Amino acid sequence: MASGCKLLNGKTAVITGCNRGIGKAVLEAFADNGASVFACVRKENITFSKFIKSLSEKNSVHIFPVYFDAGNIDEIKSAIKHIVGFQHPVDILVNNAGIGYSALFQMSTVDKLKEVFDINFIAPFLITQYIAKLMVRQKSGSIINISSIAGIDGACGRSVYGSSKAALMCMTKVIAAELGGSGIRANCIAPGLTETEMISGMPEETISELIKNSSIKRIGQPSEVADIAVFLASDLSSFITGQVIRADGGVI
């Protein structure tokens, strides 16, 4: 990207799960590209507060922290009311917050199924419903959902997690079809193996096998997913909607 080129200059985004991993990288990339952000995290902490203050000052943008538990519907509603209360246009929504889970199909419990779907699907579903109302009024908007290749490939042990991410991809395509006439685009990014806390519990042999089965032969970085989000949020992707973009290093 050329120096001084800010693809999101003057835009405002809502991003969930901003305190680490892909969400934090998206927040940083959006701020670097001139966007003001409602940065959603589960709870307040000093480290994150210092980070967004520094990021805001560095890029001369506004970053508003918003706190809620993605598994709590009442907290989601309260957070959205807080955002709406600013009476500021929302140009971009990035549904990133999520939790991982790995267990064989026969060992997966209903309680865990509900927990994963509450955070990985129901939360972004509700958040999108509320934010889309604002976008419809202004006749423009870009919705970006962070899914996973687990929702496409159906790997062993991923029946619950993969299903939640597949549901998110389906929702993305439906939103694109239903809201396209209102000037709203919706796309999905499906990362593969990425250097985040979510892979910290994976066995080394599993990670090695996944790297071996990729074309680029390495783990992806959160910043590489964030760059795709910047593109999808910007006017450079104005004719792209209803798509699922794999960011997996070319899994074979």
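Guide: Helix 1 (residues 21-32) and helix 2 (residues 46-59) have axes that come within 9 Å and cross at roughly 20°. Axes are lines fitted to C-alpha atoms over the stretch in contact, with angles from 0 to 180 degrees between N-to-C directions. Helices are DSSP runs (H or I, at least four residues), numbered from the N terminus.

Guide: This is a predicted model, where local features need pLDDT of at least 70, side-chain atom pairs need 80 or more, and totals for chains, interfaces and linings use all residues. Residues are numbered from 1 along each chain as its sequence is written, and side-chain values use heavy atoms, without hydrogens and water.

Visitor: Which residues of the two helices meet?
Guide: Helix 1 brings Lys24, Leu27, Glu28, Ala31 and Asp32. Helix 2 brings Phe48, Phe51, Ile52, Leu55, Lys58 and Asn59. Contact means heavy atoms within 4.5 Å.

Visitor: New topic. What lines the second largest pocket?
Guide: Its lining is Phe125, Thr128, Gln129, Ala132, Met171, Val174, Ile175, Glu178 and Leu179. A pocket is an open set of points on a 1 Å grid where a 1.4 Å probe fits, with protein on both sides within 12 Å along at least five of seven lines; lining residues have an atom within 4 Å of a point.

Visitor: Which helix gives the most to that lining?
Guide: Helix 6 does, with 5 residues.
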